[in-house]
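The following note sets out points for a colleague who is about to examine the model. Please read the points alongside the sequence and the coordinates.

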Amino acid sequence: MHAMSQADTQPVVHENARLKILVVDDEPTNRLILESMLRREGYAVASAQDGRQAIEDFVADPPDMILLDVMMPVMDGYETVKAVKALAADRFVPVIFLTALTDDDSLTRCLSAGGDDFLTKPYNADILRAKIRAFARTLNLYSELQEKRRELALHNERVRTDYELSENVLTSIVGKNSFESDNIQYFSSPKAISNGDIVLVGMTPDGRQQILLGDFTGHGLSAALGALPVSDIFSAMSAKGYGIRDIGLEINRKLHERLPANLFMAACLVELDLNANRTVVINCGMPDIVVKPAGSAAAVRLASANLPLGIESDESMDLNVHSMSVQTGTRLLLCTDGILEGRDSVGAMFGPARIDQLLQANRRPERLFREICDAYQTHTQTGEQHDDATLVEIHCDEALRPKLIMSKSSGAAAGRSEWTLSLRLDAPLLRRFSPIPMLIETLATIDADHSRRVTLFTILSELYNNALDHGVLCLDSTVKDGPEGFSRYYSHRAQALATLQEGYIEITLSRCSTDGDTTLRIGVRSGTPRICRDPHPNVGPRALATHGRGLHLVRSLCNSLEILDNGRIVEAVYVA
Amino acid sequence: MGVHADFNANDKIVTLRISGVFDFQMHREFRDAYTRDAGQRPRYTVDLRGTTYIDSSALGMLLLLREHVGGDRAKIRIINAPQEIRQILMIANFHRLFDIA
């Protein structure tokens, strides 16, 4: 934005009030008559005797209007008006010629030279006054217009800056999250990312790959605002080993809480567990997800069975998932609706039928993705480009199968294990007693280090009870609230325990030394053939407030605490 | 092993002595102990001299006691906690809620 000089600004004037008029005439009498008339009307007046002086005056003290004689020495009216108009530039300074010449050619020349009107001498004072007033009204209009133009320019500047900012944010989110994954390919139309399509990929510690393809309502800044929490939640929960359904529920909760009602995100959520040959697919308001098995088997379409995320409140929210077994070689195709709605020059959409055709016609599966992209680009290049079109292919690749189930513990590397103690309790033993006191005594014996027994008891008993309550007995912690709740919960627990038939808990303790530090590794695993709806409800931040105190305490007492596979595996590291 | 309650009528203080393992198995006993003399509106002191181990349900029970006495207005003292148990209480930020001697 450049600074505006005095000459540039179009002042707002009321009809007569203090308009400044410059009178240019070589005849002193003429100047005098005009000056006094104008002053009587209430205008401010200046005068010049020839063109050159007029220009000097114009620069020194810009008038709002000029009354100009044609026949003058040194510089005549025609030259003067050209110069003045050039100097005025964007500003509108009306010039009224006062001329003795009455022939049509001269009069026309006045206007062609740049004059806005003329009056022939001897002129009618009433008419002159009326013309001046008319021009004053036009001046007002012009200055309003100038003001509006300035506001608009400012506004556009702001919008552009916001847009660039949101573009930066969005590209960094997608860029950071994705693509060291060899089994995933994705295609995006140029404006897809800044228009609210996001693709996120994560890998849990136990080797499940999780993918999110999201399509925000709203573009630019509103999409960026939504994408930030989605990306953070996704990365954090994926790294902690949550299931994809829990991730979807948490994202829904955050979007619903934080964003206005009209902002939401349609999404495809996919979890690939090649160790179990299983995939979980959740479609929230997106086009059908296509699952194409290897070989000649037909493709399966998984339609949307959920509202987009961010609409439903947490209480009523549940996610319908498709859980299916997959073999290596299967390919999943996810896309935003921009792909299906891409139009050609006559407005025909790309459409799902076209994708079916391409699936049928495809001979080499590794080329399928490329074939669809090429077909889409060919179809839409002549037509209106849809702003956000994204296509993702997930290939169930043998290479994804994890070698290890429990990887990544803090400081896992070169630890020399001094001793390891492993204990597995099945239902009959779980019913009868808690192994913790015995373990503490054993530790005291093996370790000859009595110093932290009390703390270890607290840690071990917390982890054991958590595993038992939630991983085996499948109890609901929320019952614990309040004094009545507390009693009720524990009698409930006693009952459930007394009748327990199936399930197990495995505790592993191991003393390691690394670089002179000795640490105690504690692992607790639980399992049951029953479906525990929420195996580890104490882990989320929401639970901490009411009844997740125990794990929170353990986390503070230990050097590290990791909860994997939705709570079925817990690993803690304790340094005395 | 268990909870022993002592009511000092002069000072109107109930002292709850915990010995052995302070865990959920003690919850009924603990609750009976602090509700018994509640009509007198006494102040409470929890004496942990004989406590060997605690787990997180013990923390829960202490919080229930606190709520019973009036929540934020309660002034409950915890005395004679063995070193490690005291540390655990501090790590759980219980010194913000209780007067830990």
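1. Chain B averages a pLDDT of 90, and 100% of its residues score at least 70; pLDDT is the predictor's confidence in each residue, from 0 to 100. For the complex, the predictor gives an ipTM of 0.89 and a pTM of 0.48.

2. This is a predicted model, in which local features need pLDDT of at least 70 and side-chain atom pairs count only at pLDDT 80 or more, while totals for chains, interfaces and linings use all residues. Residues are numbered from 1 along each chain as its sequence is written, chains are lettered from A and ligands numbered from 1 in the order in which they are written, and side-chain values use heavy atoms, with hydrogens and water left out.

3. Chain B contains 5 strands and 3 helices, in the order β-β-α-β-α-β-α-β from the N terminus. Helices (H or I, at least four residues) and strands (E, at least two) are DSSP runs, numbered from the N terminus.

4. Of the contacts in chain B (heavy atoms within 4.5 Å) between residues at least 6 apart in sequence, 66% join residues at least 24 apart.

5. Chain B has 101 residues, of which 50% count as buried (under 20% relative accessible area, 1.4 Å probe, protein chains only). The chain exposes about 5,200 Å², 44% of it supplied by carbon and sulfur atoms; accessible areas come from the Shrake-Rupley method with a 1.4 Å probe.

6. Over all chains, the structure holds 0 disulfides (pairs of cysteine sulfur atoms within 2.5 Å). Cys373(A) counts as buried because its relative accessibility is 1%, and Cys512(A) counts as buried at 8%.
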